Amino acid sequence: MGGIRELGTDSDTGPRAEQTFFEDPAIDRVLGLTMALASEVYVLRDRLRALEARLAEADVVAPDALDAEPDPEEIARSAADRDAFVAHLLNNLLGEQASKGAR
Amino acid sequence: MSAPHTSAPPAIDGRSFAAAQAFLLSTKLYWTREIFPALKRDYEMRAADADKQPESAADVAALIGDTTLYRSYAWLERHLQRFKYSGRYGLQPYHAQARGALEPSIDPARLPADILELDPEFEQPAYYTSVDIHQHPGGVWSDEIAGFVYERGARTTTPTHGARHQDLHDRLADAIEAGGAPERVLDMGCGFGKSTEPIYERFRDAAVVGVDLAAPCLKLAARRAADHQARNVRFAQRDATATGFEDGTFDVVTSTMLLHEMPPKKIEAAFAEAHRLLKPGGRMVHLDFHHLPDAFARFIHYGHGRRNNEPFMEPFAKMDLESVLAAKGFDTVAVTPFEEADGALDPGHADWRFPWTLIVAERAA
């Protein structure tokens with residue numbers, strides 16, 4: 001039932017083993033990493049929204065201009081950057097060595 | 001080999017802290033309102049197909065303990081709480097960086113006379129220091145700022161209530177008042193005074209005393225009472241199992257979310273102490289987590305205790321309170337489900353909730 005370890009079995013002073021819930025503790029740890037990144041993403045979204053609001057108040061940008069769907073030319077201009085972003089993310093799934101090492 | 005990285009982490013600004021905490025709260029609300037009900041539905045479907053109906057928490061574990069949904073549910077319960085208290089945007093580091101402003105604000109020298117009694121020689125019981133309850137690093141007792149961390153954390157203990165969380169403590173004051181307006185009240189395990197506040201605010205003519213093990217929490221409780229200009233309350237660092245007050249001092253002894261933090265022997269000692277402290281005809285009114293009407297509720301609650309670093313949650317829930325209280329000399333004992341918010345006890349209530357229970361017992365007149 002989740003492979004929960006007892007606390008306090010390691011030592012009285014050092015770090016104690018974290019509880020694990022998945023069959024492979026790697027899943028527990030990767031989930032933690034994902035949640036940490038998700039919170040950073042939300043912190044960024046929050047700051048960006050605050051920044052945009054201040055810029056709008058100062059008449060530097062018009063919120064409507066930021067929120068409007070970009071025209072096809074703007075979407076095309078960002079395509080290469082988007083493709084590179086996606087490749088950076090998904091090439092991890094290919095399982096290929098990026099530099100030539102042992103076969 | 002490079003030198004170890006020793007510089008202090010950069011300070012976290014208030015906006016980023018608040019955004020990260022708000023994100024965690026939204027995540028916890030999703031867990032409360034969506035993931036828990038989904039887990040329960042999954043359990044009910046599996047139980048309906050089972051040869052034998054689950055009777056124990058272990059039976060429930062055998063049905064759903066290995067499902068990905070349950071593992072995810074449990075992981076989130078454990079780690080959302082970890083992120084709340086620890087890590088870059090945790091309550092503990094955020095308050096620690098404000099230590100210079102927080103510590104002087106609860107300096108006992110700046111409090112009204114007689115509102116706070118601390119014991120410099122006080123020795124904490126081993127059960128209390130062996131685990132950091134609620135995953136609060138250092139527990140609620142070891143750091144001068146622990147009361148502030150606890151107070152901020154407790155604002156979202158029951159996230160679906162939001163601002164109505166105060167209702168919970170007000171409703172306990174209702175339960176106290178149901179036995180008549182008290183004259184002398186003891187609040188055992190008062191923490192930073194959240195449970196004590198509605199009592200001293202409502203019963204202005206009563207003398208109210210809050211006791212707790214944790215000096216940092218007591219200091220904050222006294223600060224908050226002083227800020228409220230309360231003249232009928234004082235706080236003292238004393239163990240609820242051996243308070244040192246004279247026999248028959250109080251007509252009400254109460255606690256809120258205290259009993260489940262103590263091992264059963266200490267709980268029994270606290271009941272015995274309450275009996276000694278009550279005047280004849282006095283009442284004990286405790287609000288805690290005990291009513292677990294089915295195997296699924298027990299499985300969920302015991303797991304919560306493990307995941308929230310509250311090792312006595314399960315042993316307390318398994319105590320036969322009616323028998324224990326009768327053995328301690330209490331005459332009238334009532335252990336009843338407690339509706340902490342409107343509709344919480346309705347059969348259709350699907351969200352996760354604590355198994356709130358009101359425990360009332362009287363000392364014979």
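Predicted model: local features only at pLDDT ≥ 70, side-chain atom pairs only at ≥ 80, totals over all residues.
**Entry 1: charges across the interface.** I started where chain B meets chain A, and the rule finds four salt bridges across that interface. I then looked up one pairing by name: Glu18(A) forms a salt bridge with Arg78(B). Their closest N and O atoms sit 2.7 Å apart.

**Entry 2: polar pairs.** Next I checked polar contacts between chain B and chain A, and the count is nine residue pairs, both partners at pLDDT 80 or more.

**Entry 3: the chain B side.** Which helices of chain B each supply at least two residues of the side that touches chain A? I found H1 (14-49), H3 (68-85) and H12 (295-307). H3(B) gives the largest share of that side, with 10 residues. Sorted by class, the side of chain B that touches chain A has 12 nonpolar, nine charged and eight polar residues.

**Entry 4: one residue in H3.** I picked His79(B), which lies in helix H3 of chain B. Is His79(B) buried or exposed? His79(B) has a relative accessible area of 5%, and the cut-off for buried is under 20%, so I put this residue down as buried. Leaving aside neighbours within four places in sequence, I see His79(B) in contact with Glu18(A), Gln19(A) and Phe21(A). Glu18(A) is already in my notes as the salt-bridge partner of Arg78(B).

**Entry 5: the whole contact.** Last, I looked up the totals. Chain B puts 29 residues into the contact and chain A puts in 24 residues. The area buried between the two chains is about 2,300 Å², and carbon and sulfur atoms give 63% of that area.

Terms used
Residues numbered from 1 in each chain as written. Chains lettered and ligands numbered in written order. Heavy atoms only, no water. Contact = heavy atoms within 4.5 Å. Buried area = accessible area lost by both parts, 1.4 Å probe. Salt bridge = Lys/Arg side-chain N within 4 Å of Asp/Glu carboxyl O. Polar contact = N/O pair within 3.5 Å; in protein donor to acceptor, adjacent residues only side chain to side chain. Helix = DSSP H or I, 4+ residues; strand = E, 2+ residues; numbered from the N terminus. Nonpolar A, V, L, I, M, F, W, Y, C, P; charged D, E, K, R; others polar. Buried < 20%, exposed > 50% of the residue type's maximum accessible area, 1.4 Å probe, protein only.
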